[in-house]
Each structure stands twice: as C-alpha cells, then as structure tokens.
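Colleague: I have a model open and some terms to sort out. Could you take me through them one by one?
Modeller: Gladly. Here it is.

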Amino acid sequence: MGTIRGSELNIPNRFEKRSLEAFDDGWVSPEAELELPVVQTQFIDDNTKSIISFNESPDLPMAASINPYRGCEHGCAYCYARPSHEYLGFNSAVDFESKITVKRKAADLLRKKFDSNWEPQVIMLSGNTDCYQPAERKFKITRSILEVCLEYRNPVAIITKNAVVARDIDILSEMAKLNLVMVNFSITTLDLKLSRKLEPRTATPERKLKALKTLTQAGIPCGIMNAPLIPGLNDRETPKVLEAAADHGAITAGFTIVRLSYGLKDIFVDWLMRNEPLQAEKIIKRIEMVRGGSLSDPRFGLRMRGEGAYAMYIKQQFKVYCEKYGLNKRDVYLSTDHFKRPGMLF
C-alpha cells in the first residue's frame, strides 16, 4: 500500500497515565537528514465474543451495526472513528491507520446470533470503520457477513469509501431482488489532489463514481454521503458532487459536517498546517462557526449538522441541489419480511 499515511503524529492515548516523547540526546548531527520511519500495517486477530453492536443515538437511522475491522488503513485525516482506537490501548493517529484488528470469526458469530434471539432488523455495515477498507481484499470478512445475511434474508445498509464493494456485486444483486440491501458511497471531494492528501488510501473519486454506476446498473439501490463537509475546504464542491452522484445513478444523498473530538482535533489541525497552511486559519474559524466556537459538539441533533448561520447555509445549499438533481425523491425500503432460519421450522 506504499508509505502514505493520513497522520504523521504519534500522540498519547488519552486513557494512558504514561507517555513517551522523543528528544534530542546530542548523538545525532544537526546536519544529518532525518526521515520518518516507514510504518508497516499490522493485522491483529480480534477475538470478540459478539459481532453486532447496538446504539441508542437519535442521530442514526439504524440501531444495529457490524464493524468487521477496528482501525482503518484508509487514513482519513478527519475520521471521527479515530478516538475509538484508544479503547484498544492504541493511539488515534498512526496506530489507528496501521494496527488493524480483524474479526475472523464474524460470519460464525453472526450465524449464531441469527439462530438465537435475533429480531430481524437492518444492520449497518459499518457504523464506525470502513467494512471495505484495503484489508477486505485479503480477509473477505465483509463478504462472508453478506453471505450470511443473504442466507438468512436479513437486510443490510452499507456505507463505504472504497470501490472494492463492486467485487461483491453477485451477492448484492441477489439481496437487492428481495429489498435486502442499499449501498452508500462516502464522497468527500471530486478533487483528486485533495483526496490523495485528505483520505490517502481510499478509492479515488473517479473509481467511487464508477463503482456507484456499476452497482446501480445491476439493480442495487445506491446513495451517497457528501461527508464530512469541512467548512472552507470542500463544502464549495457540494453542487458538483451531487450532480456527479445523480449522473452515476444515486437516488439519495446526505451530508454531515466534520466534528473533531478528543485527539482528532490535534490530528486534523496538524494535517491542515502541513497540507493547507495558507487556508488553515480560515478553515479552523469556519469549523468553529458551526460548532459554537469549538471544534466539536457532542450534542445529539447538532453533532452531525452543526448550528448557526454558516451551518444553515450548508443545509440550504444541499437541499437546493438535491432538488435540482432529483435526489431524495423516494425512500429505499429494506424489508425484514423475508427473514428465515435455514433448516428450522416456523
């Protein structure tokens, strides 16, 4: 995957009492050329005993979700999931991108859940880290989960930044015939140069759109999330993103505004200073404009969309262009009516 990372920081875990810090001990010559070490990705077995997570957030349309991987090699500088890696004893910066836990037993755990006390409902893939991140090419955990969901006829909503989802078109098209699946592509920008810096290991914008078209032509309902919108950086692209999405078959669109909690604030500000130094101060001020003077707001109802005049402008612009390009004209109904336990009598 090369050496590109979204973050070059090695910030301390907020739960740890001790931290390590590099310092100049005088042994390195001032004239010596220092290079950042190449950080190789490590894959770690995740021996979780349960596979489905539940939430009670009013901001999310689904209560159940599955994350086949924890950590994400995509390396998006803005990723809200980064702080969750600290619960594993890692940091939210370079560790989040390079220490990926893999739930190898996910399909077996899901089958056991479906065979027990499961009440059929839509499962989100993924609620936290991307289920089609680069590791999926090798481990195929997401594909195995979809195979189980098709076998039991349980509906799934997918959100991803990776075109690898098109690999599973055979399963997805069968699920679509029974209204069991919808795929959402997260499209942050159409600017290839910005994309390579901001989300270095995701699929390119062109490949996302191509995958979107491939799935919709196969009868699989798809939408996009123009997310996150980063005031002063990519929010001006919304009209073009929505037009491109509609042209490639998307039927729905949504957005969120960037939120920078815990160590993510330091990671993203560091990214801005390195990649957008002339615009950094403006971008930070605009984020603060929609976050009540801060860079994050955890309040339900506001954490996704922000507040204030600039947040209202973003919302209204989004609504106008969705209307213009025919998006969000109909809902996609995912059915639980077909759920069955193979081999069991009802």
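Colleague: Why is Phe185 called buried?
Modeller: Its relative accessible area is 0%. Buried means under 20%, exposed means over 50%, and partly exposed lies in between, with a 1.4 Å probe and protein chains only. The value 0% is under the cut-off, so Phe185 counts as buried. This is a predicted model: local features need pLDDT of at least 70, side-chain atom pairs count only at pLDDT 80 or more, and totals for chains, interfaces and linings use all residues. Residues are numbered from 1 along each chain as its sequence is written, and side-chain values use heavy atoms, leaving out hydrogens and water.

Colleague: Where is Phe185 found, and what does Phe185 touch?
Modeller: Phe185 sits in strand S8, residues 181-186. A strand is a DSSP run of E with at least two residues; a helix is a run of H or I with at least four; both are numbered from the N terminus. Not counting residues up to four places away in sequence, Phe185 touches Thr160, Asn162, Val165, Lys208, Ala211, Leu212, Leu215, Cys222, Gly223, Ile224 and Met225. Contact means heavy atoms within 4.5 Å.

Colleague: What makes a nonpolar core?
Modeller: It is a set of buried Ala, Val, Leu, Ile, Met, Phe, Trp, Tyr and Cys residues, joined through side-chain atoms within 4.5 Å. The largest one here has 65 residues. Those with the most contacts inside it are Leu110, Ile158, Val183, Phe185 and Ile224. Helix H4 gives the most to this core, with 7 residues. Another core, of 24 residues, lies apart from it and includes Cys72 and Leu194.

Colleague: Why are H2 and H4 called roughly parallel?
Modeller: H2 (residues 106-115) and H4 (residues 141-152) pack at an angle of about 25°, with their axes 8 Å apart. Axes are lines fitted to C-alpha atoms, for helices over the stretch in contact, and angles run from 0 to 180 degrees between N-to-C directions. Under 35 degrees counts as roughly parallel, over 145 as roughly antiparallel, 65 to 115 as roughly perpendicular, and the rest as oblique. The angle is under 35 degrees, so H2 and H4 are roughly parallel.

Colleague: Which residues of H2 and H4 meet?
Modeller: Among them are Leu110 and Phe114 in H2, and Ile145 and Val148 in H4.

Colleague: How do you know whether Val102 is buried or exposed?
Modeller: Its relative accessible area is 1%, so Val102 is buried too. Val102 lies in strand S5, residues 99-102. Its C-alpha atom is 8.2 Å from that of Ile141, 39 residues apart along the chain.
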